[in-house]
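Subject: Structure handover

Hello,

I am passing on the structure below. My notes on it follow.

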Amino acid sequence: MSLDNRPIYTGGCQCGAVRFRVEGTLGNPSICHCRMCQKAFGNFFAPLVSVTHSDLKWTRGEPKRFQSSNHVKRGFCSECGTPLTYEAPDGIALAIGVFDEPENLAPTVQWGLEDKLPYVDALRDLPGYTSESDPDSVEFVKTMTSYQHPDFDTDEWPVKEAGK
């Protein structure tokens with residue numbers, strides 16, 4: 001919370017070249033199934049939350065933007081490609097997954113249902129495994145070194161490895 005009791009949210013792209021801070025109330029978290037959002041995120045849908053009535057500041061870098069329609073620009077990191085924003089005349093929304101604590105932004109509404117992929121609702125019925133419980137990938141996972149930016153602000157970018 002800020003000094004005036006407004007909530008504060010932070011986040012950024014996968015590599016850390018772009019970081020942001022949002023102070024104030026967010027809109028309703030949502031997912032959009034429209035084909036344009038599917039392509040922009042390279043995924044089944046786009047999870048977004050509006051920052052229209054809050055204070056958004058880019059604290060490191062700024063997204064590169066692509067004009068995806070006559071009304072909308074999409075922001076992404078020019079270094080790693082992480083989708084970051086949906087920018088329309090009525091405001092801006094940020095991708096939920098780029099927040100440092102995305103677990104606090106559960107979607108409350110869905111949009112673009114006409115393009116919803118037919119298998120999305122059945123995903124919960126698929127068998128599931130933790131990363132290290134799949135015997136075919138356990139050694140791969142255990143030996144992996146992540147170069148992803150941590151889920152908190154850092155004084156430098158790129159983040160230097162410990163001991164170097």
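Ala88 lies in strand β8; strands (E, at least two residues) and helices (H or I, at least four) are DSSP runs, numbered from the N terminus. This is a predicted model, in which local features need pLDDT of at least 70 and side-chain atom pairs count only at pLDDT 80 or more, while totals for chains, interfaces and linings use all residues. Residues are numbered from 1 along each chain as its sequence is written, and side-chain values use heavy atoms, with hydrogens and water left out.

Is Ala88 buried or exposed? Ala88 counts as buried because its relative accessibility is 19%; buried means under 20% relative accessible area, exposed over 50%, and partly exposed in between (1.4 Å probe, protein chains only). Leaving aside neighbours within four places in sequence, Ala88 is in contact with His71 and Val72, where contact means heavy atoms within 4.5 Å. Ala88 and Leu117 are 29 residues apart along the chain, and their C-alpha atoms are separated by 24 Å.

Strand β8 also takes part in the largest pocket. That pocket has a volume of about 370 Å³, and β3 (30-32), β4 (46-50), β8 (83-88) and β9 (91-95) are the elements that give two or more residues to its lining. The lining has 20 residues, and those nearest the centre of the pocket are Ser30, Ser50, Tyr86, Asp90 and Ala93. On a 1 Å grid over the protein atoms alone, a pocket is an open set of points where a 1.4 Å probe fits, with protein on both sides within 12 Å along at least five of seven lines; lining residues have an atom within 4 Å of a point. Grid points are joined across faces, edges and corners, and the volume is the space filled by probe spheres set on the points.

Two other residues were looked at.

- Val22 is in strand β2 (residues 19-23) and counts as buried because its relative accessibility is 0%. Not counting residues up to four places away in sequence, Val22 touches Pro7, Ile8, Tyr9, Val51, Ser54, Asp55, Leu56 and Leu94.
- Arg65 is in strand β6 (residues 64-67) and counts as partly exposed because its relative accessibility is 30%. Apart from neighbours within four places in sequence, Arg65 is in contact with Trp58, Lys73, Arg74, Gly75, Phe76 and Glu87. Arg65 and Ser131 are 66 residues apart in sequence, and their C-alpha atoms are 34 Å apart.

As for the whole chain, the protein has 2 helices and 10 strands, in the order β-β-β-α-β-β-β-β-β-β-β-α along the sequence. The C-alpha trace spans about 50 × 45 × 30 Å along its principal axes. Of the 164 residues, 33% count as buried. Among contacts between residues at least 6 apart in sequence, 57% join residues at least 24 apart.

Regards
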